[in-house]
4 protein chains.
Amino acid sequence: MKKKAYEKELAELEFELAKLQETVQRKGMKIAILFEGRDAAGKGGLIKTVMRRMNARVWRIAALPKPSDRERTQWYFQRYVAHLPSGGEIVLFDRSWYNRAVVEPVMGFCTPQQHEAFMREVPLFEKMLIDSGIILLKYWIQISEETQERRFQDRACDPRKRWKLSPVDLEARRRWAEFSKHRNKMLETTSTDHAPWRVIDGDDKRKGRLNAIRSILDNIPYEFNEEAFAPIALPPRQSMEEAGYE
Amino acid sequence: MKKKAYEKELAELEFELAKLQETVQRKGMKIAILFEGRDAAGKGGLIKTVMRRMNARVWRIAALPKPSDRERTQWYFQRYVAHLPSGGEIVLFDRSWYNRAVVEPVMGFCTPQQHEAFMREVPLFEKMLIDSGIILLKYWIQISEETQERRFQDRACDPRKRWKLSPVDLEARRRWAEFSKHRNKMLETTSTDHAPWRVIDGDDKRKGRLNAIRSILDNIPYEFNEEAFAPIALPPRQSMEEAGYE
Amino acid sequence: MKKKAYEKELAELEFELAKLQETVQRKGMKIAILFEGRDAAGKGGLIKTVMRRMNARVWRIAALPKPSDRERTQWYFQRYVAHLPSGGEIVLFDRSWYNRAVVEPVMGFCTPQQHEAFMREVPLFEKMLIDSGIILLKYWIQISEETQERRFQDRACDPRKRWKLSPVDLEARRRWAEFSKHRNKMLETTSTDHAPWRVIDGDDKRKGRLNAIRSILDNIPYEFNEEAFAPIALPPRQSMEEAGYE
Amino acid sequence: MKKKAYEKELAELEFELAKLQETVQRKGMKIAILFEGRDAAGKGGLIKTVMRRMNARVWRIAALPKPSDRERTQWYFQRYVAHLPSGGEIVLFDRSWYNRAVVEPVMGFCTPQQHEAFMREVPLFEKMLIDSGIILLKYWIQISEETQERRFQDRACDPRKRWKLSPVDLEARRRWAEFSKHRNKMLETTSTDHAPWRVIDGDDKRKGRLNAIRSILDNIPYEFNEEAFAPIALPPRQSMEEAGYE
Ligand SMILES: Nc1ncnc2c1ncn2[C@@H]1O[C@H](COP(=O)(O)OP(=O)(O)O)[C@@H](O)[C@H]1O
Ligand SMILES: Nc1ncnc2c1ncn2[C@@H]1O[C@H](COP(=O)(O)OP(=O)(O)O)[C@@H](O)[C@H]1O
Ligand SMILES: Nc1ncnc2c1ncn2[C@@H]1O[C@H](COP(=O)(O)OP(=O)(O)O)[C@@H](O)[C@H]1O
Ligand SMILES: Nc1ncnc2c1ncn2[C@@H]1O[C@H](COP(=O)(O)O)[C@@H](O)[C@H]1O
């Protein structure tokens, strides 16, 4: 997709996002949006695009570090629960509890038992959040093996991007097929009526971003509160004298 | 500043930020950067620019909501302390504890006593953080009255930007002079040897952003760890058979 | 029950609690025990008795204050989740999420919709915790109307106990019958196979305490790790000289 | 001290604690009380005695576990700050940030540099808390070498108390003199005008407890709000009919 068309389209969508934001604030809505995908799928860039012009006191990124030794002993969801939205907030999860569906079992960060328990529990967990009034959207950014390879090679060669290749990435790349298997099982098993996975094609980054934003807008009910967007006349400024200075 | 020159310069700086990021991760450094400024100074845009290409698991935004009723009864710094960086993290504060130096007294959100207590305590508080190994940088994004007025008028007229004008903004605008008085006092009193305020001219947004990034790079010791940035040859991918599929 | 018999029995049970404690620490078990009951049922006294001789770094009380304005907008269970046990911990909840089953609807602190949603969700929530390896015990301390009345009258007259009568208590007393109705529904609906309510007769405080402790010991698998309890010979103390002083 | 005299005296003091508690709640005061002392000094028992008849929603114990790997990388005080009192709360610290003054350096859990930094910072940290309106009391429970030895021997022999001897305890016992040196330095250096250490003789447990409670009462301004303690006449109970049942 061409940059110009992209920017134009994006500007339109940003106006819609602003309306959504206003609705969320006014009504005290709670929104959690999960972004998952392979390494180099473009999760980070997508999230930054969504937030580009938005209010940082409404939209928040949750990109959790690996669990501490203490967190490892707790209920798996506990540290994620601490990041759920309060009223009037939208939280964008850059990776999420679904680490335990794909990355963790593939990389050996959890036991098979922990993985299976997660797969059983996660639909209940999400049902509960949704019943409590949280709007939950789940995006899988899909890229082809060729795209990942191209981006990886690009990162491998370009010193400016080299840091993007973590050791975990390289290992995950080696395990592409195992990764696919786990992703498939995740998309099947954890796509429920109340919280379906939505797959975004990430091979074309720009298209993918626009599609993700459109999907967000389609799946969160919002209104155009014209009053809040109506131009206003700003009253004149306070002069220095009025403020009590000479 | 022209877009093209800006983008070129920014790309250079982003490479430096990547080196900084690598150093922070490798050494487990703790960095807290505060961004303050009047409404429409461009804090949010600046923060998003700094993070544009960076790793969300290293760089984190802290844009705290107004305090809850319970938080209001606590030690003022308590809720900010919860957001301080762990080792290997850089936290960008979009507004910070300095709310109590300017916004809160001007808008009547705190008592004069609370304001004064804050002004006395804040140098000690910051000294402690720094002594404990946190690198603390404080930026004031400075804009002229004309710039703010132009941006406000723009937001007042343009439905797409209208939401950026909060009631607090409008009131703060009315109180420009009082705001100036408090800012001056803040810059004087709380600019200490260990944690000086650095003023960034924000009238030209692009220049301001580049200057802020340059200043960050100048004030955090980092190294170019060539090894981490050296191009690598990616090993061939695992085929489906190897992975045990047909 | 007579004090002497009580103290003797209690000492026996405390030895068992020590074995339980040792097991929990050694195996990294996670235990959550909820105590509910009407005002004056003796929840607080019971909890303090259980912990009397135990290690404060293993046993923790969670007696949450009323929710802050921000917490009120969140997922109802969120603030309780923050207090769940890590590995090696036993958390005693003095009142719990079941506030929303009885106190809140009776006192008008939640809407009927919130109450109903809670009643639907709570079995799922608890199932999840249990599946994740948390041992969850729920105690209802039952007292007769006469007992409550006697204790209330006692508190009403005795200046040393007067403070125990909160305005919420007095109102709840007025609503004894409504309270009963909600308690009955709670005991029926939220007593599941995986997390049944256990009712302790609290009319005789001492008996009630012993029974509660016995029930805890019966429902948490623990072992007597003899080695950990075997008497040891303490090596001689370091003298001042050895320590490098004169 | 004889049990009977002790219980009588304690009951008197508990009435005073109830008045204190009422004042704290009514005025929204914030109280933090630190209890430090050697192993077997009786910190835990003292804390439980203070709280014996008090409201668990006002008085809270903070007995922090050893820091997680993530916490170890943070500002040392950060995890303690999370436990500071909100308005209307009294927090009793069973061990505290002073771990870094004595236990940690003696046991090698921190570096000498970390210890020294702590000794420099702690007076500032406490000054800040106090300036913010927190009332901070610090108790050192003093026991003689003989007392510790007797209690240790008792624990070593009695299976019911054996668990109280942690490996850290045994090691600390071996290092009695080093411990003394660090304690002396702590009492000298960190006893400031605004936050002096108060030493309680713990050789006689009962006397020590009464003295500690007396000291708490002497050092927190409270009033006897007679109205809150005046006997009240309870209105008659709601009958079943009134409640709408047959
Ligand atoms: N030892 C571990 N245990 C559990 N999760 C881990 C561990 N190491 C890394 N992870 C998680 O694996 C995911 C992928 O890691 P990485 O590729 O380094 O991050 P990203 O691709 O998000 O930049 C992250 O969510 C990280 O927290
Ligand atoms: N406005 C409120 N909203 C929700 N819960 C409340 C509110 N006020 C009190 N509560 C809760 O009601 C319960 C009973 O209150 P109270 O009788 O004062 O405490 P207790 O009996 O535990 O000493 C407590 O758990 C308290 O947190
Ligand atoms: N590895 C460690 N690093 C830092 N502190 C530790 C470590 N291990 C134990 N501690 C701390 O040392 C103190 C004494 O430990 P211990 O004797 O086991 O507990 P207690 O005497 O309070 O029951 C506790 O505050 C504990 O958190
Ligand atoms: N009632 C309040 N008390 C304290 N701070 C507030 C209050 N209302 C708004 N603020 C803060 O004032 C700053 C400016 O608000 P705004 O312009 O609305 O983003 C933000 O940091 C808010 O958190």
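The shell of residues around ligand 1 is made up of six nonpolar, two polar and seven charged members. The setting for this site is a predicted model, and the predictor assigns the complex an ipTM of 0.94 together with a pTM of 0.95. For chain A, the average pLDDT is 93, with 96% of the residues scoring at least 70.

In total, 15 residues surround ligand 1. The closest are R95(A), N99(A), S166(A) and D169(A), along with R57(B). Because the residues around ligand 1 come from chains A and B, the site is shared between chains. Within chain A, two helices stand out as contributors: α5 (103-107) and α9 (167-174) each provide at least two residues of the shell.

Individual contacts to the ligand come next. Three of the closest residues, R95(A), S166(A) and D169(A), can be followed atom by atom. In R95(A), a polar side-chain atom sits 2.8 Å from an oxygen atom of ligand 1. For D169(A), the distance between an N or O atom in the side chain and an oxygen atom of the ligand is 2.9 Å. The side chain of S166(A) likewise has an N or O atom 3.1 Å from an oxygen atom of ligand 1. As for overall cover, ligand 1 has 560 Å² of accessible area on its own, and the protein covers 80% of that area.

Note on methods
Residues numbered from 1 in each chain as written. Chains lettered and ligands numbered in written order. Heavy atoms only, no water. Near = heavy atom within 4 Å. Polar contact = N/O pair within 3.5 Å; in protein donor to acceptor, adjacent residues only side chain to side chain. Areas by Shrake-Rupley, 256 points an atom, 1.4 Å probe, with all protein chains shown as cover. Helix = DSSP H or I, 4+ residues; strand = E, 2+ residues; numbered from the N terminus. Nonpolar A, V, L, I, M, F, W, Y, C, P; charged D, E, K, R; others polar. pLDDT = per-residue confidence, 0-100.
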